[in-house]
Amino acid sequence: MRKLISLALSFLVALFISVPSFANKGDIYIDGEITNRNYEDGYILSAKEFNMLEKSHIKTTTSWTVPGRVVDFEGVKFTDLLKLVGARGKTLRVRALNDYWVDIPVSDIEQFDILLANKMDGNPLKVRDFGPYFVIYPMDKFYDKLNSPTYQARHIWQVSGITVLEK
């Protein structure tokens, strides 16, 4: 019992240390090689501000949704997010709520017009179903190119932050 309580307390301490004090549900913290900042060395994109940005759609199948079923993902194009923060890097390090991260080359954004989705089939994404944000590639449009472990790994969900890197 003591071990369980100790483990639970350790988890809670780690949780509160890893969550920035500014974080609200649905906020994304973007930092790194950016010119527009609104919080210390980065930019806090609130859920409200995200929802005010122009929306786009990608209709595609994925490895994580019902097999063979085309899903309508809605969100903001990464090109628009990068313009908003004045990004100047070549790579995005995208972080999830569970501290998983993946590097996405900016060339992917240019080549595939990828999306940071916050809705799936018209419904807001929740943490239990990929939310609050899910990186979406147009898998069906570029199936031969994108159906590989490299690109599958870049479909990161539960996105909470992005760091723009020079490399």
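**One lysine, then the sheet**

Trainee: Where is the place of Lys119?
Mentor: Lys119 is in strand β7, which covers residues 115–120. Keep in mind that this is a predicted model.

Trainee: Does Lys119 count as buried, exposed or something in between, and why?
Mentor: Lys119 counts as partly exposed because its relative accessibility is 25%, and that class lies between under 20% for buried and over 50% for exposed.

Trainee: And what is Lys119 in contact with, leaving aside its neighbours within four places in sequence?
Mentor: That would be Asp72, Phe73, Glu74, Pro124 and Leu125. Gly75 is 44 residues away along the chain, with 6.5 Å between its C-alpha atom and that of Lys119.

Trainee: Switching topic: what order do the strands have in the open sheet?
Mentor: The five strands run β2-β1-β10-β5-β6, and the pairing is mixed. β2 and β6 each have a single partner strand, so one side of each is left without a neighbour in the sheet. From one strand to the next, the twist averages 20°.

Trainee: Why is β10 largely enclosed?
Mentor: Because six of its seven residues are buried.

Trainee: Last one: which strands does helix α3 lie across?
Mentor: Helix α3, residues 78–85, lies across β1, β2, β5 and β10, at about 130° to β2.

Definitions and conventions
Residues numbered from 1 in each chain as written. Predicted model: local features only at pLDDT ≥ 70, side-chain atom pairs only at ≥ 80, totals over all residues. Heavy atoms only, no water. Helix = DSSP H or I, 4+ residues; strand = E, 2+ residues; numbered from the N terminus. Buried < 20%, exposed > 50% of the residue type's maximum accessible area, 1.4 Å probe, protein only. Contact = heavy atoms within 4.5 Å. Pairing = 2+ DSSP bridges. Axes fitted to C-alpha atoms, helices over the stretch in contact; angles between N-to-C directions.
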